[in-house]
Amino acid sequence: MTKGRKPKPTGIKELEGNPGKRALNKQEPKPENAIPICPPHLNGSARTEWKRITHELHALKIISRIDRAALVAYCQAWGDYVKACNKLKKEGEVIISDKGGMYQNPWVSIKNRSMDQLVKISAEFGMTPSSRARVKVEAPTEEDEMTRFLFGNKNVKVAAK
């Protein structure tokens, strides 16, 4: 048995203008736009990516506290990817054994698996060019721009644990 396409969230369908003209789910949960608390176990480049991407997603109003686990998976995959790239830069992609045999450095597999995870999770949040092409986002109003200019990003909400 094959799975069909994943259903699109109602908000995405509305932004696209409901091209299928099917009835929209008016009872779909709409969580508050908020940045989840970064878990303490994320460190290094994973934590840096958390700070970067959560602010980007918050500005687009597509992040909430319930997205924390998916964001952790994304950021951890990013951290693993960066670590694997650094290891491969030092060690190379091919390792030569004591007996002269050549084999692939295990960090190549880690890098590739992390990259696959990044692409999959990125699409869930509209962070790939093709996933973004399907979404229409309202441009900020003049009032939004003036508020941001006068007050900075003080309206950014950070969710409690």
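The model is predicted: local features need pLDDT of at least 70, side-chain atom pairs count only at pLDDT 80 or more, and totals for chains, interfaces and linings use all residues. Residues are numbered from 1 along each chain as its sequence is written, and side-chain values use heavy atoms, with hydrogens and water left out.

**Overall**

The protein has six helices and two strands. Helices (H or I, at least four residues) and strands (E, at least two) are DSSP runs, numbered from the N terminus. Their order from the N terminus is α-α-α-β-β-α-α-α. Of the 161 residues, 26% are buried. Buried means under 20% relative accessible area, exposed over 50%, and partly exposed in between (1.4 Å probe, protein chains only).

**Helix H2**

Helix H2 covers residues 44–59. Its length agrees with expectation, because 16 residues at 1.5 Å a residue should span 22 Å and the end C-alpha atoms are 24 Å apart. The expected span is 1.5 Å times one less than the number of residues.

| Group in H2 | Residues |
|---|---|
| Buried | Ala46, Glu49, Trp50, Ile53, Thr54, Leu57, His58 |
| Exposed, on the face turned away from the buried side | Thr48, Lys51, Ala59 |

An α-helix has 3.6 residues a turn, so residues three or four places apart point the same way. The buried residues of H2 pack against helix H3 (68–91), where contact means heavy atoms within 4.5 Å. Just after H2, Lys61 takes a positive phi of about 60°.
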